[in-house]
Amino acid sequence: PEREIQINGLTEYQVEMLDIMWAIDDEAEFHEWYNNLDREDQLTADALMRVMIMEMREEDLGDMIEAQAVLKKFML
């Protein structure tokens, strides 16, 4: 299943950049796109990647806590 990540407080430009990043198919294509950005846009892309990673980790942690709560019911 495809993950859905919600990030609030982004500018329209940041949302557009994330849409481009999600549409990229592989690492080589990403590097080509990234290397053609100016320095300011590279910094924006870097920040957006960090935010996405943090959101994904937070989602994973929530799933893990939920799973632990279910498992706890069966522990003696």
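The protein has 3 helices and 0 strands, where helices are DSSP runs of H or I of at least four residues, strands are E runs of at least two, and both are numbered from the N terminus. Along the sequence the order reads α-α-α. This is a predicted model, in which local features need pLDDT of at least 70 and side-chain atom pairs count only at pLDDT 80 or more, while totals for chains, interfaces and linings use all residues. Residues are numbered from 1 along each chain as its sequence is written, and side-chain values use heavy atoms, with hydrogens and water left out.

Confidence next. pLDDT is the predictor's confidence in each residue, on a scale from 0 to 100. The average for the protein is 85, and 87% of the residues score at least 70. H2 has the highest confidence, at a mean of 96, and H3 the lowest, at 82.

Now the overall numbers. Of the 76 residues, 20% are buried, meaning under 20% relative accessible area, with exposed being over 50% and partly exposed in between, for a 1.4 Å probe and protein chains only. The accessible surface is about 6,500 Å², and carbon and sulfur atoms hold 55% of that; the method is Shrake-Rupley with a 1.4 Å probe, and for residues only the protein chains shown count as cover. Taking contacts with a separation of 6 or more, 63% are between residues 24 or more positions apart. Contact here means heavy atoms within 4.5 Å.

On to the core. Which residues make up the largest nonpolar core? There are 11 in all: Met-17, Leu-18, Met-21, Ile-24, Phe-30, Trp-33, Tyr-34, Leu-37, Ala-45, Leu-48 and Met-52. A nonpolar core is a set of buried Ala, Val, Leu, Ile, Met, Phe, Trp, Tyr and Cys residues joined through side-chain atoms within 4.5 Å.

Leaving aside neighbours within four places in sequence, Leu-18 is in contact with Ile-7, Leu-10, Leu-48 and Met-52. Met-52 sits in helix H3 and counts as buried, at 12% relative accessibility. Met-52 and Ile-7 are 45 residues apart in sequence, and their C-alpha atoms are 7.9 Å apart.

Next, helix H2. Its buried residues are Phe-30, Trp-33 and Tyr-34. Viewed down the axis of H2, they fall within an arc of 95°, so they line one face of the helix; the arc is that of the directions from the helix axis to the C-beta atoms. The face turned away from the buried side carries the exposed residues Ala-28, Glu-32 and Asn-35.

Last, the rings. How many aromatic pairs does a search of the whole structure find? It finds 2. Phe-30 and Trp-33 have ring centres 5.6 Å apart and planes at 50°, so that pair is tilted. For Phe-30 and Tyr-34 the centres are 5.8 Å apart and the planes at 25°, so that pair is stacked. The cut-offs are centres within 6.5 Å for rings of Phe, Tyr and Trp (its six-membered ring), with planes under 30 degrees apart stacked, over 60 edge-to-face and the rest tilted. Phe-30 and Tyr-34 are 4 residues apart in H2, about one helical turn. Phe-30 counts as buried at 16% relative accessibility, and Tyr-34 at 14%. Together, ring pairs link Phe-30, Trp-33 and Tyr-34 into a cluster.
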